[in-house]
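Dear colleague,

I am handing over the structure below for your records. My notes on what was found in it follow directly after it.

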Amino acid sequence: MSWFKKLFGKSDSSAAHRAEAQAVPTAAAEAAAVVREGAPRIAVVTGSIRPGRNNLQVAEWLVARASQRGDAVYELVDIDSFNLPLLDEAFPAAYGNYQGEHTKAWAAKVAQFDGFVFVTPEYNHSTAPALTNALSFLNAEWANKAAGIVGYGSAMGARAVEHLRGVLSELQVAHVQKTGMFSLFTDFEDFATFKPTELQAASVDPMLDQLISWTVAFAKVREGEFELEAASA
């Protein structure tokens, strides 16, 4: 049986593997509690809502690892919990005239953060559609903030990451150069349970280093915007 059939032909019996992986990051909340007051708030955003997804495991692992750094408050933001439909807003997101209650809830959550890490699988040589859909609902809530990207797939998500960079650029999100990358072949047991190698686990660290620096810098950029608005009022 090919790796593709092993991955997509598996039944929901992999739930036990997912539950085991999801139970690992229990220290994340405790680590966040000791972060200094006023530290940046970083959302680790899931990129898939597919049943049986591996995505949540990767995102939870990242929150647990990043929280040990003590340089920011890292929080998991699962797009699946917001029940976003296919983009259904009548006005372009740049207008900020959100109509749907689901959009308003999503906007309020995203607005809480100073920076982001997007965890994307690779679908059809591109970013997962659920993630691009979630991004498209909003505009100002993303703008002038920094982001890192973690990709995974049969080719380590490289093409998904590059496509996602284009979307983030249009939303005025400053995406850092370093990237976390994981392979379905070596970083997932039976293509179902996330168990990264030490080499690939370490790939997220330089990305987080850059992200924190840029997040702090862009907070000053946004403060400058507010000062200009106040001066022109």
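A polar atom of the Thr-46 side chain lies 2.9 Å from the backbone nitrogen of Ile-79. The Thr-46 side chain also makes a polar contact with the side chain of Asp-78, at 2.8 Å; a polar contact is a pair of N or O atoms within 3.5 Å, where within protein one must be able to donate a hydrogen and the other to accept it, and residues adjacent in sequence count only if both atoms are side-chain atoms. Thr-46 is found in the loop between strand S1 and helix H4 (55–67). Helices (H or I, at least four residues) and strands (E, at least two) are DSSP runs, numbered from the N terminus.

Please note that this is a predicted model, in which local features need pLDDT of at least 70 and side-chain atom pairs count only at pLDDT 80 or more, while totals for chains, interfaces and linings use all residues. Residues are numbered from 1 along each chain as its sequence is written, and side-chain values use heavy atoms, with hydrogens and water left out.

Is Thr-46 buried or exposed? Thr-46 counts as buried because its relative accessible area is 0%; buried means under 20% relative accessible area, exposed over 50%, and partly exposed in between (1.4 Å probe, protein chains only). Leaving aside neighbours within four places in sequence, Thr-46 is in contact with a set of residues that includes Arg-53, Leu-56, Leu-76, Val-119 and Leu-131. Contact here means heavy atoms within 4.5 Å.

Helix H4 also holds Ala-64, which is buried because its relative accessibility is 16%. Between Ala-64 and Leu-76 there are 9.6 Å in space, C-alpha to C-alpha, and the two are twelve residues apart in sequence.

The chain as a whole

The protein chain has nine helices and eight strands. Of its 233 residues, 48% are buried. Among contacts with a separation of 6 or more, 79% are between residues 24 or more positions apart. The chain exposes about 11,300 Å², and carbon and sulfur atoms supply 56% of that area; accessible areas come from the Shrake-Rupley method with a 1.4 Å probe, and for residues only the protein chains shown count as cover.

Strand S3 and its partners

Strand S3 (residues 115–123) is mostly covered, with eight of its nine residues buried. Two strands pair if DSSP finds at least two bridges between them. S3 runs parallel to strand S1 (residues 41–45), and four bridges join the two; here Val-44 has Val-117 in S3 as its bridge partner. S3 also runs parallel to strand S5 (residues 145–153), with seven bridges joining them, and Ile-149 in S5 is the bridge partner of Phe-118. Strand S4 (residues 126–127) is antiparallel to S3 and is joined to it by two bridges, with Thr-127 in S4 as the bridge partner of Glu-122. S3 and S4 form a hairpin with two residues between them, and Asn-124 in the turn has a positive phi of about 50 degrees.

Salt bridges

How many salt bridges does a search of the whole structure find? It finds twelve, a salt bridge being a side-chain nitrogen of Lys or Arg within 4 Å of a carboxyl oxygen of Asp or Glu.

One of them joins the side chains of Asp-209 and Arg-69, at 2.8 Å from N to O. This pair links distant parts of the chain, 140 residues apart: Asp-209 is in helix H9 (residues 204–232), and Arg-69 is in the loop between H4 and strand S2 (73–77). Asp-209 is partly exposed because its relative accessible area is 42%, and Arg-69 is partly exposed because its value is 29%.

Arg-222 forms a salt bridge with Asp-114, with the closest N and O atoms 3.3 Å apart. This pair too links distant parts of the chain, 108 residues apart, with Arg-222 in helix H9 and Asp-114 in the loop between helix H5 (101–110) and S3. Arg-222 counts as buried because its relative accessibility is 12%, whereas Asp-114, at 21%, counts as partly exposed.

Glu-162 and Arg-165 form a salt bridge whose closest N and O atoms are 3.6 Å apart. Both residues lie in helix H7 (residues 158–170), three residues apart, about one turn of the helix. Arg-165 is buried, with a relative accessible area of 13%. Lastly, a network of salt bridges links Arg-41, Glu-75 and Lys-109.

With kind regards
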